[in-house]
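Student: Could you go through this model with me, starting with the overall layout and then moving to the details?

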Amino acid sequence: MKSFKTYRTLRGARRVSQGVFLALFVFFLLKTSIDGITAPGALPSISAPVGFFLEIDPLIAIFTVLTTHELYRNLLWALPLIALTMLFGRFFCGWICPMGTLNHMIASVKSSRLKGKKRLDANRYKPYQRWKYGVLAVFFGAALFTSLDVGLLDPIALLTRSMSLAVVPAYNTGVRALAAAASSGTFGFATPLMDGVGFVLQHLVLRAKPVLFQSALFIGLLFAALLAANRIITRFWCRGICPLGAMLGLLSRFSLLGMQKHPSLCTDCNRCALDCQGGDDPQPGYQWRQSECHLCLNCVADCPEAGIEFTLYPDMADTRSGPDITRRTVITSAVAGLAAVPLMRAETGFSKGGDPSLVRPPGSVGEKDFLSRCVRCGECMNVCPNNALHPTFMQSGFEGIWSPMLVPRIGYCEPTCVLCGTVCPTGAIDEITEKEKAWVPVKGQYKTERPPLRIGLAFYDFGRCLPWAMATECIVCEEWCPTSPKAIYFEQVEVQNRKGDFVMLKRPHVDPQLCVGCGACTFACPVKGQPAIYISSVGETRNPANSILLKSKPPAS
Amino acid sequence: MSSASELSRREFLTRSGKAAGLVLLTAGAGFALHTPERRPFDEKEEKVLLRDLRIPGVTQQMIVAHGEDPGAMTRACITALGGMSVFVRKGDVVLVKPNIGWDRMPAQAANTNPDVVRVVVQECLAAGAKKVIVTDVSCNDAERCFQRSGIAQSAGEAGAAVDRPVETNYTEVNLGGAMLGTQHVLRPFLEADKVINIPIAKHHSLTGATLGMKNLYGILGGNRSRLHQDINNSIADLANFLRPTLTILDAYRVLRRNGPQGGNLADVDLRKTIAASTDPVALDAWAGETFFGFTPDRLPYLALAEKYGLGSAAFSSLPVTDITV
């Protein structure tokens, strides 16, 4: 029997583990960028395994297997975690999960609401803890119908998305504003001091480039609400909602590690339940709920009498191993999830036409396959050097909410960049090479017989374009067009302006055989408001049906 | 139930005092913050800034070097001008302004040759410069442009501070030009003691060619794409505002088509030439004719620049030294 002291040490180890993994998570999040990489000559690449947490996530691995029937690239890394959970239980929730750690931290701050008996009662197992299995079953049903909406609530995807699209940009915006205020030089005699403060603040900004995202407020508010819920119900997210927790709970059903209760040693002090994270009833007299326990070890470390212990092959009399949910509920939930998919696809957005502004990142697979793979983690948006990728709202229907789309007015797709495909954990964006993208000739020549990978096509709004509508020189679009030869060409015309003078103008056109849809023209267009040139998804390589041209030819070099 | 008589004097005074204080405070704040009138237009005239960084009394001349090694040619040009010490004093902060506009490799000839940048930085430091800054406001992602052009490496190795432009590092300045009024100018261009402009000669659809003066686009942030609407006045305004100490033109490789970005090696001519001049107008006129076959009237900004007294497009009247390295 392990002593009280051993458990205290182990609890310390758990705290260190939580801290290390949370720090690692933030570190990888900030490394999901080419910022600061100075390897000369080389193409910018990602050096750290920035997808680590997404790639060890069993929920993403198992659900993408359900929707795509393959285990993509590094999702293989989920296997050790699956196996270890089967052997030892939900230690991931208590020791590794950065979302769990954040919830743990917020729930641990002293509360006036949860004190004494109330706190004890709050940590008893509650029926709402069954919800997460329902959530899992709903997404399971949807996944059987190839829809991967589980990414909306997968804790790692949710945390990655919330942090990179809302928290980090908000933090940077705030710190930048404070730094600017401090360095404004309007503090009289204290100005040198405030300049110093401003200098320090400036260096606390996490990204040199100001990056902002559409829908960031909603994403941030959802995240804030989930964290705040801990103040009312300890680890409400982990206990009640988290589909990954539910899955790990199911996987731990036959776990060898479990709790052994020694009622004869118990003095009914109830200390074991005061800091219970999972709400799994460690007190003697109740059945310990294995599927709920995070293995945080607070109970055993707080027990002064050694009345409970964790051991391999415990006596199962005091343990309830499966989740507290009936087969009927599981089936109903799964059928609901299954039925939701055709309902979501009954919208015109998915099959008929769709939103023309839905331009997916380069290398994206076809839309149906895309929605079977995209977990909405936001890694592609986080890594994009031009802040060009943003979360969708309804452009791909409700099913595709918060998946990535190019918003060329904010940023264009950098011709030689393929980082979004590099970081995509699930292959919704294929890991293409610069050569396969083929927007800029490699070594000066197009080596492939294939046309370049297109994500869309540019169209002029002649009613807004300066040389077309206002007898004014411009062709900034042509200057920015990165293909070679340029997809934007112009005709020289002589036009009469308002004064009656004849002026020579260059009026631009798009060659659809050469345009790749990068959006640099839209980005650079000086016509503010609605641009005079815009990108539509038509012509995208990933969907041959979405094409104007009879035949796409590779460009002559 | 309490009656009025139970209210002590002290309590009466404290409570009345608090209430009255709050009322007065609010009223005071209201009057203090009250803005009786606000005009939507700022009447005050912004001072026009001019940065003339030329060395007074220097002989106007042009050096043209031919050879195989862009670095050696650059050094030969500087030597022929009398050495960098003619232009850079001990303790100067020198800003070297190459074209680092695009995410392109040196062979694609969209950015200034990195060896030219290296030698210019070395020469400035050898002449006693306190600090040499290499910067440009790139069009594409700056990190990519700086790296892929090879300039981050070559300038860094030569000892320069290679500064990627940061959004917070611009100042609004009135250029007082015919077209360009208040613009966002990258701060080091306003602070450096000397500016050495080192453009690359390449094709540009609107102007025909981008040479020395057009390279000064790279000092601007903000909405600079509007400048195309009157590109000749814009270029002349920029050149009038920032008069560089020296211009060294990289024509080792010349992009002939699909400029200013290019990409295709078939569009690049190997011309193996580096030219330097203290007269930016003459240099652009000469380069326009030499590499693109343009007479000076094909580049209307040259006449405007002449009008501002920035130099002479009649480059043949200038002493031109041809050297082969």
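Student: Before we start, what sort of model is it, and how are things labelled?

Tutor: This is a predicted model, in which local features need pLDDT of at least 70 and side-chain atom pairs count only at pLDDT 80 or more, while totals for chains, interfaces and linings use all residues. Residues are numbered from 1 along each chain as its sequence is written, and chains are lettered from A and ligands numbered from 1 in the order in which they are written.

Student: OK, how many helices and strands does chain A come to?

Tutor: Chain A has 24 helices and 10 strands, where helices (H or I, at least four residues) and strands (E, at least two) are DSSP runs numbered from the N terminus. Its C-alpha trace spans about 105 × 70 × 40 Å along the principal axes.

Student: And what share of chain A is buried?

Tutor: Of the 557 residues in chain A, 48% are buried; a residue is buried if 20 or more other C-beta atoms lie within 10 Å of its own, exposed if 12 or fewer, and partly exposed in between, with C-beta atoms placed from the backbone.

Student: Which domains does chain A have?

Tutor: The domain assignment gives domain 1 (1–36 + 45–346) and domain 2 (351–536), with bounds that come from an automatic or database domain assignment. The C-alpha centres of domain 1 and domain 2 of chain A lie 38 Å apart.

Student: How many residues are in contact between domain 1 and domain 2 of chain A?

Tutor: In chain A, 35 residues of domain 1 are in contact with 30 residues of domain 2, a contact being two residues whose C-beta atoms, placed from the backbone, lie within 7 Å. On the domain 1 side, the elements giving two or more residues are α2 (52–55), α3 (58–68), α9 (155–182) and α16 (327–345) of chain A, and α9(A) has the largest share, 5 residues.

Student: What's that side like by class?

Tutor: The side of domain 1 of chain A that touches domain 2 has 15 nonpolar, 14 polar and 6 charged residues. Here Ala, Val, Leu, Ile, Met, Phe, Trp, Tyr, Cys and Pro count as nonpolar, Asp, Glu, Lys and Arg as charged, and the others, Gly among them, as polar.

Student: Switching to chain B, how many of its residues are in contact with chain A?

Tutor: There are 29 residues of chain B in contact with 33 residues of chain A. The elements that give two or more residues to the chain B side are α4 (142–148) and α5 (151–158) of chain B, and α4(B) gives the most, with 3 residues. That side of chain B divides into 8 nonpolar, 14 polar and 7 charged residues.

Student: How do α2(B) and α3(B) cross?

Tutor: The axes of α2 (residues 70–80) and α3 (residues 114–126) of chain B come within 8 Å and cross at roughly 40 degrees; axes are lines fitted to C-alpha atoms, for helices over the stretch in contact, and angles run from 0 to 180 degrees between N-to-C directions. The helices α2(B) and α3(B) are therefore oblique to each other, given that angles under 35 degrees count as roughly parallel, over 145 as roughly antiparallel, 65 to 115 as roughly perpendicular and the rest as oblique.

Student: And what about α3(B) and α5(B)?

Tutor: The axes of α3(B) and α5(B) come within 8 Å and cross at roughly 20 degrees, and the two helices are therefore roughly parallel to each other. The residues of their contact divide into 6 nonpolar, 3 polar and 3 charged.

Student: Is α7(B) mostly covered or mostly open?

Tutor: Helix α7 (residues 231–241) of chain B is mostly covered, with 9 of its 11 residues buried, among them Ile231(B), Leu238(B) and Phe241(B). What covers these buried residues includes β1 (51–52), β11 (242–243), α8 (280–292) and α9 (301–307) of chain B.

Student: Back in chain A, is Val383(A) buried or exposed?

Tutor: Val383(A), which is found in helix α19 (residues 379–383) of chain A, is buried because 22 other C-beta atoms lie within 10 Å. Leaving aside neighbours within four places in sequence, Val383(A) is in contact with Thr32(A), Ser33(A), Ile46(A), Leu419(A), Cys420(A) and Val423(A).

Student: Then where is Ala545(A)?

Tutor: Ala545(A) is in the segment after β10 (533–536) of chain A, and Ala545(A) counts as exposed because it has 6 C-beta neighbours inside 10 Å.
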